[in-house]
Structures are given as C-alpha cells and as structure tokens.
Amino acid sequence: SDQSLLRNSQSTAMATPQRLLHSLATRVPLAYSRVGVQPHHLQAIAVAATLTLSAVSLACISTSSTVDNKRKHGGNKDTVNTSWVTSLLYAQFNTSHKRCECEVIPPHPTLSSTAPSPDPSPKPLSRLTLLLYKSKLISYSSLPVPRLLTPRDPIFSYPELKRGLRRRQHDESSLQRILSSPKLKDARAKQDQQSLNAILEQMNACVYGEGVTPQLREDFLIQYGCTGHTPEILEYLQKIGEARGFIEVGAGNGQWARALNDCNNGFCEKADSGKSPSLQNMKRKWEFILAYDNMANLPLSPQIYHRKTLPVQRFFYDGVRRCTSHVDAVEGYASRGRVLLLVYPPPGSMAVETVEAYANANSKNDTVVFVGEGRGGANANDELFDYLLGIDGESKEETNTTIKKQWALMKVMDVRPSPGGKGYEKLFVFQRVR
C-alpha cells in the first residue's frame, strides 16, 4: 500500500546524507506516482527533496527528529528521519497539482446565484514553487491561477517574451545593417528597381516576419487591431462582463469593442466564419462597452477607411468616443462598476495612469483586463507592472505600508498569433482584493 511504501522509505534511512538523498530520489517519486502525481512532476519532486535538506530546515526539525531517531534506532545519532520530507513534498505538490488543473476565473458574484463563488483568499506563489520555476523544473503555464500577486511573481516575464525580446534586438540590428549598407546606397543611386525590391523584402522579413507582406499585416489590423482576439477570449470576456459591461480606453478603430459587442448580442463565433452582423439595426437596451480613444494615433487612417468602406462596416465599432483625457474617461459615473479593458496600450505612462484612476474612482472598479506584452515589451511601462505587483515606486520593496491596493491574477490566455509571429502579447485578468 501507499502507507507501507512510505514506511519502508522511513525504515531504510541511512547514516550519511549522500545515501539519504539517494533513497529519497528513488523512493519518493515512486510513492508519488502511486498517489496520482503526473510523471513530469517526478523530477521536480526528487530535486525538491534535495533542496529541502538545507541547514535551516534541518535546524528547525532537529529536536523532533533526534527524539524520533532515538526511539526507533536505539540512540543512533547518525540516522535521519525522512517522514517530514515526504509529508512536506506531498502537501506542496499535491496541492499545486490540483490547482494547476483549474485555471478558470470564478464568475463575478453578480452574474448568477448558482455560479461557484470566487476564492475569497487567493494565495501567492510559495518559495518552493518560485524556486522550482526559476530552476526550470515547472513551466510558466503550470503556475497556479488564481493567485495573489507579489513583487517576486514572474507573471510579466514569461519565457516567450524573453525569447522574443532577444529576437527583436537581433532584428533591429539586422535592419540597421540593411539601412546603412553600401548595397542600398548603390541601388538608390542607380535606381535599380530589382535590387531595391530585394532589399525591401529583407526589411519586411525583419519587421513583419519571413514571408509576411505589408498587405497581409494590414489585413490583420483591419480585422483585429494591433493584437488578435480568439473566440475563446470573446466568450470568456462576455461572461465576466455580462452583468457589468466594459469600458475600453485606447480602443483605436474599435475592433475589440465591436467583437465583444457582437458576442454580447448573441453572435459570439465559435468558428472563424469571418462574418459579423451590422450594429445599426440592433436594438440595445444599454451599452455593453464604452469605448474611448483620443484619435491621435489610429492604426488605420479614417480618411482611407471611412464608414462606407466594407472593412469598417464589418469590423470597426461605430461607438468609439473621442476623449482628451484617459483619466477622465474612467472617472466618470458611466464607468462605475465596469470592467476596464486595455488592449495594446502605447508605451509610456498612459496604462498605469488609467488603471490607478479607475481603481481610485470607485470601490466597485475592481477588474482590469490587460492585453499586451509584459515587462520590457512594446506596451505600457514598468510602472504599470510594479503597481500590479505591489512594488513601491521608490524603494522597489514589498512593504505593508506601501501597498495600498493588492491585485490577484485571475486568468492568463493566449491571443491570436500575429502574421510572422513577431508579437508576444497575452491576455491578463486582474482583480483587486484590497
């Protein structure tokens, strides 16, 4: 049985730490496989058993283990009891394993009385989980969700983004070499169109990706905006905002607002049919999404894409309001209690200023959806990520006096890949817990 297997691992405790580690590495994974832990966790368990045999841990249990050893082994001081290690590892990994299987954010309490209630006290990542993640023994997607965010949480420094930033630096260097190459200067001087076209293809490969033309990129912008939604994302957002509605700041041409509004009106697509109903003939009792933009840096020019063109009729939202201040947009009465949506915000302080103003405006403003790249990427700045992680702006330390509002991560979703795979955005859902 499982209990006898664990007792056998205790009874074979040896006189030297090296032999003890060997026993743990061979017996503990076998015991865990009997209680349902997945195979890819076994290596992490064996390494964790080694790591927990630190001087601090041994000092904490020295008294109890010595008494236990004297009783069982006739006073042999060199024998070490391993039951505490087994219990610790089982509690840690069995709990993490169960949490990793369910990454669905609980519905908002106002949605349905029969819906499961949200976790009243999400927990932060434990030190052991962080150690295993940094040691690359567990993956980013295996980290438990929901969880309380702390300054040590790696949520905004995911592996895809780290690889993408290195790739982006390489692409920028390649683009600089092309622009300063003598070949380009000669082609311009001689008006060699064939050479210029070849150089232009190299530049497009650096900017958009191999085989991606500017037209293909523009087609993506027309349908989705700077980053793409998926049917799963739309259905999920519609559920969490069904009884609350959304306020989107920096909506651009309104592709996300249009798709969410269509989804709320019963046209949420589970397949990519490319068809979307016209909003002009819909009878709306209330505005599900309030979309704002200052109209200064629209991805697609209104002079080219006006309301009589087919792309605007199919994918753009006709209700985007012009605003001069992103702070004023979220502080108004109409935004009270709505979910804040930020899709691909520009680099700089706009995003953090919007989130702070939204959270301070009303106690019901407690949910933020951020769609973009993490730390070091193309969106927002470190101030936003520090704010959500609870890092003080001056000391960059975790203190109870500087954390005025604490946030929990409720959901992480992959967005639709952009043509060429040069974007590294994700969708994050945050909820304020205090």
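**Strands, rings and backbone: worked exercises**

E248 stands opposite L341 in strand 5, where strands (E, at least two residues) and helices (H or I, at least four residues) are DSSP runs numbered from the N terminus. The model is predicted, so local features need pLDDT of at least 70 and side-chain atom pairs count only at pLDDT 80 or more, whereas totals for chains, interfaces and linings use all residues. Residues are numbered from 1 along each chain as its sequence is written, and side-chain values use heavy atoms, with hydrogens and water left out.

*Solution.* Begin with the pairing rule, by which two strands pair if DSSP finds at least two bridges between them.

**Exercise B: strand 2 and its surroundings**

Describe how strand 2 is joined to strand 5 and to strand 3, and determine which way its residues point.

*Solution.* Take the strand 5 side, where strand 2 (residues 246-249) runs parallel to strand 5 (residues 339-343) and three bridges join them; here the bridge partner of I247 is L340. On the strand 3 side, four bridges join strand 2 to strand 3 (residues 289-293), again in parallel, and F246 has I289 as its bridge partner.

The loop between helix 11 (214-224) and helix 12 (231-240) holds T230, which is buried at a relative accessible area of 11%. Leaving aside residues up to four places away in sequence, T230 touches D414, V415 and R416, contact meaning heavy atoms within 4.5 Å.

**Exercise C: the rings around F370**

Classify the pairs that F370 forms with F385 and with F428.

*Solution.* Start from the rule: rings of Phe, Tyr and Trp (its six-membered ring) pair if their centres lie within 6.5 Å, and planes under 30 degrees apart count as stacked, over 60 as edge-to-face and the rest as tilted. By this rule the count comes to 12 aromatic pairs. F370 and F385 have ring centres 6.1 Å apart and planes at 80 degrees, so their pair is edge-to-face. Because F370 lies in strand 6 and F385 in helix 17 (residues 382-389), this pair ties together parts that are 15 residues apart in sequence. F370 and F428, at 6.3 Å centre to centre with 25 degrees between the planes, form a stacked pair, which links strand 6 to strand 8 across 58 residues.

Both F370 and F428 are buried, and F385 is buried as well. Widening the view, ring pairs link Y140, F156, Y158, F370, F385, F428 and F430 into a cluster. K426 lies over the face of Y158, at 5.4 Å from the ring centre, and the charged end of K411 sits over the ring of Y236, 5.5 Å from its centre; the criterion is NZ of Lys or CZ of Arg within 6 Å of the ring centre and within 35 degrees of the ring normal.

**Exercise D: backbone geometry in loops**

Find where the cis peptide bond lies, and decide whether Q191 is buried or exposed.

*Solution.* The cis peptide bond joins V145 and P146, with omega about 5 degrees, and P146 belongs to the loop between helix 7 (127-134) and strand 1. Q191 has phi near 55 degrees, a positive value in a residue other than glycine, and is found in the loop between helix 9 (182-190) and helix 10 (193-207). With a relative accessible area of 60%, Q191 is exposed. For M295, also not a glycine, phi is positive at about 65 degrees; this residue sits in the loop between strand 3 and helix 14 (310-315) and, at 23% relative accessibility, counts as partly exposed.

Terms used:
Buried means under 20% relative accessible area, exposed over 50%, partly exposed in between (1.4 Å probe, protein chains only).
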